[in-house]
Amino acid sequence: MNKTKEILVTGFALFSLFFGAGNLLLPPLLGYNAGNDWFWVIVGFMITAVVIPILGILAHARLQGTMYDFAKKVSPVFSIVYCVTVYIISIALPSPRTASATHEIAIDPMFGSKPIITSSIYFGLVLLFVLNRSRILNFIGKYLTPFIVVILFLVIGIGLFSSNIGMNPSAFEAPIVSGILEGYQTFDAIGAVVVGGVVIISLNLKGITSQTDKKELIKKAGLIAGLGLFVIYAGLIAVGAFYGSEIFVDGGLNNDAQRATLLRGISLATLGNVGNTFLSVLISLACFTTAVGIVTGTADYFKGLFKESKAVYTITAIIGCLVGIGVGQMNFHDIVVIALPVLMFIYPITIVLILLNVVPEKFGSKLVFRSVVLATFIFSIPDFLGYIIPKESLQGVKEMIPLSQYNLGWVLPALVVFVLINSMQHFSSSQLDE
């Protein structure tokens, strides 16, 4: 395979590994609720659903290792705890959520079958792909992703050019912030640190072992995936906004039934009666590829912990699929609700680890890593607790922390600590030079 074709196949595979249940269901209703503020919601959503994840892929291109390398500068113990936490979250929430979305939108309306049947068959197929992981990138990149992209472009293109624009008034007080926080629900930043390692190992298995070649390939493939995500997300948000006056959706932003209703309404309006069939196939494929990436990444990690044991890889894959079968029987909305406090805890740490791994190394010393991660953890606690205990009890604390009212209380402290530690280290080195 020539270099250009390899970059395209890897880029398409990356896009497909990112693009799952939340990525398809979240943007249209976000745009619907944003109404005439749809552009600003896109800006916020892109920060956490495109920019940060692609920076995570670029960090993988630099590190050329596993997710362990993302956090090892804090400490080896912290890195292991962080990795295990992320992988447990990944196989317990976003992976089963793909099966739930597939059942609710693609399977149940057509066959009326029970969720246990869908999730069992679904994760049986996931396991088959994971155990044949050397073929994952090629199959996904060559066949599945192009089909997904074609259907999405049809829905978006026809939707944008055929809609009689009549948007709802915005339901958001701070649309950019709403977009940022909704981007958390895509799990794309976590996906970046998980599936980036999958790509590196898959390239090794394909015989691409040169550090320089892999770095260049992953960077270019990451940019292709990022461009694809940007176009699809922006298009879905815009279509959701433009169809605001044509499709009635009753319910809040975190209502899975309303997400499905809107998406189904848009597909019917753009593609006619065949729209539901296309939508079913689209969701099934988009969800499936993401589940494969998550379970593969988890199995890869635990295999590495146990001296590259193939048995551990197989056992981890089986456990991940069994968890998927169990949790995948829950409905999409319930999984989203459970995920919110978890995301408020792990997402800020993941974001700063990604950013610290892409800044020039002179600004990312061990002390900087430790200090920024600690500050992020401490100041994200009120955001995390806000989804567990009554928010009134945290009002006094939140009023003291800038941006905490937007659940972004960790941002300024992390930035201030980053600047202060780097300034202190620069001053110290200058004194020594003198």
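Student: Is the crossing in which H7 passes H13 left-handed or right-handed?

Tutor: This is a predicted model, where local features need pLDDT of at least 70, side-chain atom pairs count only at pLDDT 80 or more, and totals for chains, interfaces and linings use all residues. Residues are numbered from 1 along each chain as its sequence is written, and side-chain values use heavy atoms, with hydrogens and water left out. Now the idea: a crossing is left-handed if the near helix is turned anticlockwise from the far one by less than a right angle, and right-handed if clockwise. H7 crosses H13 in the right-handed way. On the H7 side, the contact (heavy atoms within 4.5 Å) uses Tyr122, Phe123, Leu125, Val126, Phe129 and Val130, and H13 brings Cys287, Phe288, Ala291, Val292, Val295 and Thr296. Sorted by class, that contact has 11 nonpolar, one polar and no charged residues. Here Ala, Val, Leu, Ile, Met, Phe, Trp, Tyr, Cys and Pro count as nonpolar, Asp, Glu, Lys and Arg as charged, and the others, Gly among them, as polar.

Student: At what angle do the axes of H7 and H13 cross?

Tutor: Axes are lines fitted to C-alpha atoms, for helices over the stretch in contact, and angles run from 0 to 180 degrees between N-to-C directions. The axes of H7 (residues 115-130) and H13 come within 9 Å, crossing at roughly 55 degrees. That makes H7 oblique to H13. The naming goes like this: under 35 degrees is roughly parallel, over 145 roughly antiparallel, 65 to 115 roughly perpendicular, and the rest oblique.

Student: How many helices and strands does the protein chain have?

Tutor: Helices (H or I, at least four residues) and strands (E, at least two) are DSSP runs, numbered from the N terminus. The count here is 18 helices and zero strands.

Student: At what angle do H1 and H13 pack?

Tutor: H1 (residues 3-18) packs against H13 (residues 275-305) at about 95 degrees, their axes 6 Å apart, so the two are roughly perpendicular. Ser16, Leu17 and Phe18 of H1 meet Ala286, Thr289, Thr290 and Gly293 of H13. That gives three nonpolar, four polar and no charged residues.

Student: And how far apart are the axes of H3 and H10?

Tutor: They lie 8 Å apart, with H3 (residues 38-63) and H10 at an angle of about 30 degrees. H3 and H10 are therefore roughly parallel, and H3 passes H10 in a right-handed crossing. Among the contact residues are Ala49, Ile52 and His60 of H3, and Asp188, Val193 and Gly196 of H10. The tally by class is eight nonpolar, five polar and one charged.

Student: Which residues of H5 are buried?

Tutor: Buried means under 20% relative accessible area, exposed over 50%, partly exposed in between (1.4 Å probe, protein chains only). In H5 the buried set is Ser79, Tyr82, Cys83, Val86, Tyr87, Ile89, Ser90 and Ile91. Their cover includes H4 (68-71), H6 (94-111), H10 (188-205), H13, H14 (310-327) and H15 (332-358). Across the chain, 54% of the 434 residues are buried.

Student: Where is Phe147, and does it count as buried or partly exposed?

Tutor: Phe147 sits in H8 (residues 136-162), and its 38% relative accessibility is why it counts as partly exposed. Beyond its neighbours within four places in sequence, Phe147 touches Val281 and Leu285. Phe147 and Val281 are 134 residues apart along the chain, with C-alpha atoms 9.5 Å apart.
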